[in-house]
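Visitor: I would like to learn how to read helix packing and sheets in a model. Please start with a pair of helices.

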Amino acid sequence: MSKEPKPVAIIMIEDDEGHARLIEKNIRRAGVTNEIISFRNGTSAISYLLGADETGLAAIGRPSLVLLDLNLPDMTGIDILTRLKANEHTRRTPVIVLTTTDDAREIQRCYDLGANVYITKPLNYESFANAIRQLGLFLSVMQIPELN
Amino acid sequence: MLRSGTGRFIGYNLLLLAGGAVVLLMIVSAAFIFSARSQVHATESLRAARVDRLVLEFISDLVDAETAQRGFIITRKEAYLEPYEAALGQFAKDSADLRLRAAEVDEGKAIAPEPVEELIKLGQVRMDLIGHNLANFRVGNFESTQMVAALDRGRILMDQIRQAGAVIRDVAASVRIARAAAMRDAATLLTTMISLGVAMIVVLTTGATLVMIRHVKEIDEARRELMDINQELESRVRERTEAVMRTNDELQRYAYIVSHDLRAPLVNIMGFTSELESSTEQLTAYVRRVGGDADDPDRADALIAVDEDIPEALGFIRSSTTRMDSLINEILKLSRAGRRVLDPVPLDMHSLVSECVDSIRQRFAEAGAEVRIEGRLPDVVSDRSALQQIFTNLLDNATKYLKGGQPGQIVVRGRLDRGTAVFEVEDNGRGIAETDFERIFELFRRAGTQDKPGDGIGLAHTRMLSRRLGGDVCVKSDGETGTTFIVTIARDLVLRMGRNEA
């Protein structure tokens, strides 16, 4: 990732502040140093990812990776996923769904909509922290496409 | 309503039947009476006819005698005396007959004896005259003038006889006519009565048929009403079942959401407790490393805080969150099991229970308990994993709460009861107090001495599963010498589910 001309930003959309903080801490522990931009709700995340005009033009030349929680106060993560994958400028942006829901149909639906990875938050904290750290390791070797 | 209808129906029909019987009886007796009367009329008529005939024969005898007399006088041949002799004999017989028969007609009331006696007397005089003439003629002292006189007298006598006979014959004829008329009247009356009877029978039969038709209609109506009521009942049951199922679904969803949403803050508490622990380790190391004044009371306090207070607090937080986490997990598990789609298949219950026993055989060995399946367990069509869960829970419970110092005896038995299968798991353990019979099935509730590990989940789970399988679970115990759990499930879950879905 550090080889990229412009560093990849990690866009974290998670309404629970504690979870967001714990995710960030554990990603950092895995040695990932990329910028992490947090959003507490879907509206602000969408307006950042697709730009205020929601055309997606804002995303050009701004490589990023999305960590998405499905349970948000103002919209569901599924809505955000749909809109990201429907926009020609953001459709290649990798989306990692990180949520508590382990319903088989929900998982299928996310992959159908173009989610790249689906991770269920483990029930206890130790495995949760462990999973996030492994995700961090995964992120550190992952190639992100250039957006144009 | 049906019964009173039947009563009325029977009443009407009995009435009609009785009416019919009376009419028939009347017709039959009338027929007997009239036929008896006709017989009397016919007999009397015949008697009158006989008298008529006898009168004619009586006269004919006289004529025969006269003819014979004439023939003898003319031919003087003895051969002509023969018919005379015959007529004489016949005359005596006919006279007696006539007297007898005339008295018989209408018991002697119709023909008086006087005219009959008169006729017979005249006839006798005539016969005597012929006899006298013949005797005279034979001996030859018969002058022609005398003969003429005798013949004249004979002719006059004959006229008188004919007149007397006609009187009797008239009477006989009038008797015959009267009797014939009576017979005809009787026949007409009988015909009328039979026609009337037939008409009445037709009316009665029609009435009975109408009553029957009405009764059949009533039965039909009652049956339709019953069907309507039945249908209404069924739809009401269906509505109730749907409502219950909806409520159940809502509860399951509610449990799922609550437990799910409770977990998010809990992850934070656990996560930051971990963070706090690692921070505390660093802090402890630092406080220990940095020396300082041994008399400084703040340092002593800080050491107590990092060595005792903070670890104690963290320990409580950790144990509480762990406990809460496991409770939430159990609720989630329960709610998942409640939402799981059931898969009813034909099950050999004997082998299913045996498998459950085998899966926790280790437990029985440790507890020194013995499990026995009594008799043949009824096979069912139901969900395998739910039943496995139910029996494993109950068998596990039975081994867990045995009485110390006594070998455990656990018996499983089952039977069919109409559309349901009933299974019993009986143990000789410590028993359950009656006040706890319902409580033990509630989530997180337990009964008796709390000396065994457990969350109070198993029986709640068992109850939820039994209910989903179309039945329930209940408990029987005297509180001292053992407990019996009774599980009721639908014998055929496909049928039961089909009925609720329909």
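Guide: Two packed helices are described by the angle between their axes and the distance between the axes. Here helix 2 (residues 81-104) and helix 3 (residues 113-139) of chain B pack at about 170°, and their axes are 10 Å apart. Helices (H or I, at least four residues) and strands (E, at least two) are DSSP runs numbered from the N terminus. Axes are lines fitted to C-alpha atoms, for helices over the stretch in contact, and angles run from 0 to 180 degrees between N-to-C directions. The angle therefore makes helix 2 of chain B roughly antiparallel to helix 3 of chain B, a term for angles over 145 degrees.

This is a predicted model: local features need pLDDT of at least 70, side-chain atom pairs count only at pLDDT 80 or more, and totals for chains, interfaces and linings use all residues. Residues are numbered from 1 along each chain as its sequence is written, with chains lettered from A and ligands numbered from 1 in the order in which they are written.

Visitor: Which residues of helix 2 and helix 3 of chain B make the contact?

Guide: Helix 2 of chain B contributes residues including B:Tyr84, B:Leu88, B:Phe91 and B:Ser95, and helix 3 of chain B contributes, among them, B:Val116, B:Ile120 and B:Met127. Contact requires C-beta atoms, placed from the backbone, within 7 Å. By class, this contact has 11 nonpolar, 2 polar and 1 charged residues. Ala, Val, Leu, Ile, Met, Phe, Trp, Tyr, Cys and Pro count as nonpolar, Asp, Glu, Lys and Arg as charged, and the others, Gly among them, as polar.

Visitor: Which residues in helix 2 of chain B are buried?

Guide: An α-helix has 3.6 residues a turn, so residues three or four places apart point the same way. In helix 2 of chain B the buried residues include B:Tyr84, B:Ala87, B:Phe91, B:Asp94 and B:Leu98. Buried means 20 or more other C-beta atoms within 10 Å of the residue's own.

Visitor: What is the strand order of the sheet in chain A?

Guide: Strands of a sheet pair through backbone hydrogen bonds, either parallel or antiparallel. Chain A has an open sheet of 5 strands in the order 2-1-3-4-5, with parallel pairing. Strand 2 (36-39) and strand 5 (117-120) of chain A are its edges, each pairing on one side only. Pairing requires at least two DSSP bridges between two strands. Strand 3 (residues 64-68) and strand 4 (residues 95-99) of chain A pair over 3 bridges, and A:Val66 has A:Val95 of strand 4 as its bridge partner.

Terms used. Angles under 35 degrees count as roughly parallel, over 145 as roughly antiparallel, 65 to 115 as roughly perpendicular and the rest as oblique. Two residues are in contact if their C-beta atoms, placed from the backbone, lie within 7 Å. A residue is buried if 20 or more other C-beta atoms lie within 10 Å of its own, exposed if 12 or fewer, and partly exposed in between; C-beta atoms are placed from the backbone.
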